Amino acid sequence: MANEAGTVAMGWDPWRIPRLRRGAFAVWRRNVLVWRRLVIPSLLLNFGEPTLYLLGLGFGLGHFIGEMGGMPYITFLASGMIASSAMTTASYEAMYSVYTRMVPQKTYEAILATPLEIEDILAGELLWCATKSLLSGCAILAVAALLGVVQGWQALFVLPVVLLIGLCFAAPALLMTAASPGYEFFNYYFVLIITPMFIMCGVFYPVSTLPAVVQEFVHVLPLTHAVALTRPIVSGQPLTQPLLHTLVLLLYMTVFYYAAVVVIRKRLLN
Amino acid sequence: MIDPVVVAQNLSKTYGAARVVNGVDFSIPRGRCYGFLGPNGAGKTTTLRLMLGLTPKSGGALEAFGLPVHEHASQIRRRVGVVPQADNLDPDFTVAENLRVYASYFALPSAGLDARIDALLEFVALAERRHARTHTLSGGMQRRLTIARALINEPELVVLDEPTTGLDPQARHVIWGRLAELRAAGTTLILTTHYMEEAERLCDELVIMDHGSILSHGSPAQLIAEHVEPEVVEIRGESSIARFDALECRTERMGTSLYCYTHDAAPLLAELHDTHTQFVHRPSGLEDVFLKLTGRELRD
């Protein structure tokens, strides 16, 4: 009998495909309620950082660079930073905040005593991380518009894209959290994954200036595809292969969300 | 037994080679308070987690409300309230918000929710602290709020894992009072404890567990009658009496005390009165049953 060996967990399969249920929105709403309390410092971060980047680098470096990719450097930078900021915002939230709720704060333990399941919690968190990306995207867009570097109302179409970018980057960060023994673990992810993408995926300069070998590698990374969507939309240039870029982002989201659900099921429901 | 709420048959749970729950059988009747009594590491908390579908079983059968637990965990938890061993209130919210947010996990309708929150805060005597953040509450208040939170979905069954561990006697009595009220109102209670007084006061029925197995089952009075003699004389320090057998005493030593269990303590008491030995004479209790069944060595 397999049960006697204790190797078979009956009536329970960590690999079960997650469903999207209403409970996810309860978890999302919980986070919105907490955020409401901290709205001032949150918005300060959302607006302060891009303002400093755009003023400092956009005007400072832009003075020497002039145009890049057929647009003023500050527009080039703003349209790339909208993607990179969605990436870092979602990653921070999905690691530090989610870990805090999962481990020291035991919020998930409390939630798991209700009808909600791990997949609901993680879907809610994923949505919340993307919501924070959206907030940061709105802030950058507002700052960029105030600085006169946005080319028209079409730029607003970037917001649903920012939400997708948030979903795409929150998912792998959730997987890191799922496997993490502590906060220090996240340093690896930032140094080895997030920062290299931030530098290499076309936020500050076109990917085409990189050596050919590096370019091939960079084209696999999700931030490259994110920037490929945000830059033309914000600067008013025509989109190239929008479907491909969207699919890549969706693929990253799906695969890593599923992996995170499986790992956290094994971690919390052991 | 009529209409049991939870039924386990040969239920087991293993982690690697360790058998944490080792083929237990129990049937928990509706509307009663059912206790799991055992030393640390006996498998009590794991048994509760199995009942809630929060950990996969390794063998046997387990049903709650007539449904197999692991296939219907989410559905079952909708009808259950849980008070965990360590409080896990949401520190980001106030007292009342904790209840409101928790209600949202059950997708409770907002109509009547305010009234329900008011009534629950009244029930656990926290109405005045409704706007306080949870970290400003004392341990007893946090526990009471956790109990209120467990009741937000009007559960038929409330599961409490060591509900009064770490609380002072006053706080403990308040909680016992509330649990007694709940049971009187028809709610089924399942609790784990290692406080004998708690088990004797609250539980209609209990099992004594150790090393993952159930050692005995019954009402507190049944367990005492079944396992120990009715009277105990506890002798402190050294005693010169050496002929306990002649006095029809069963003796056990624990620490510096000698426990003499007997059906008639009179002859022993007569002898003790002639010496200057310190002693206590009392009726046997659940603690004596517990120590007899689970042994006297230290548990960590």
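Mentor: Gladly! Let's begin with a definition: two strands pair if DSSP finds at least two bridges between them. Keep in mind that the model is predicted. In chain B, strands in the order S2-S1-S4-S5 make an open sheet of four, with antiparallel pairing.

Trainee: How do you know that S1(B) and S4(B) count as a pair?

Mentor: At least two bridges are needed, and five bridges join strand S1 (residues 4-15) of chain B to strand S4 (residues 59-64) of chain B. Therefore they are a pair, and their run is antiparallel. As one example, Val7(B) has Glu63(B) in S4(B) as its bridge partner.

Trainee: What makes S2(B) and S5(B) edge strands?

Mentor: Each of them, strand S2 (18-29) and strand S5 (67-68) of chain B, pairs on one side only.

Trainee: Which helix packs on this sheet, and what makes that a contact?

Mentor: Contact means heavy atoms within 4.5 Å. Helix H1 (residues 44-51) of chain B touches S1, S2 and S4 of chain B, and its direction makes about 60° with that of S2(B).

Trainee: Now the sheet with S6(B) in it: why is its pairing called mixed?

Mentor: Here is the background: strands of a sheet pair through backbone hydrogen bonds, either parallel or antiparallel. The pairing is called mixed for the open sheet of six strands, S6-S7-S8-S3-S9-S10 (chain B). One antiparallel example is strand S9 (residues 205-210) of chain B, joined to S10(B) by five bridges. There, Ile208(B) stands opposite Ser216(B) in S10(B). The edge strands of the sheet are strand S6 (80-83) and strand S10 (213-218) of chain B.

Trainee: Which helix packs on that sheet?

Mentor: Helix H10 (residues 286-294) of chain B does, touching strand S3 (33-37), S9 and S10 of chain B. The direction of H10(B) makes about 30° with that of S9(B).

Trainee: What makes the lining of the second largest cavity nonpolar?

Mentor: Val, Met, Leu, Ala and Ile count as nonpolar. The lining includes Val6(B), Met51(B), Leu52(B), Ala64(B) and Ile76(B). Its residues divide into nine nonpolar, no polar and no charged.

Trainee: And what lines the largest pocket?

Mentor: About 620 Å³ of space lies in the largest pocket. Of its 22 lining residues, the closest to its centre are Leu45(A), Glu49(A), Thr88(A), Thr89(A) and Tyr92(A). By class, the lining has ten nonpolar, nine polar and three charged residues. H4(A) gives the most, with nine residues.

Methods:
Residues numbered from 1 in each chain as written. Chains lettered and ligands numbered in written order. Predicted model: local features only at pLDDT ≥ 70, side-chain atom pairs only at ≥ 80, totals over all residues. Heavy atoms only, no water. 1 Å grid on protein atoms, 1.4 Å probe; cavity = no way out; pocket = protein on both sides within 12 Å on 5 of 7 lines; lining within 4 Å. Helix = DSSP H or I, 4+ residues; strand = E, 2+ residues; numbered from the N terminus. Axes fitted to C-alpha atoms, helices over the stretch in contact; angles between N-to-C directions. Points joined across faces, edges and corners; volume = space filled by probe spheres on them.
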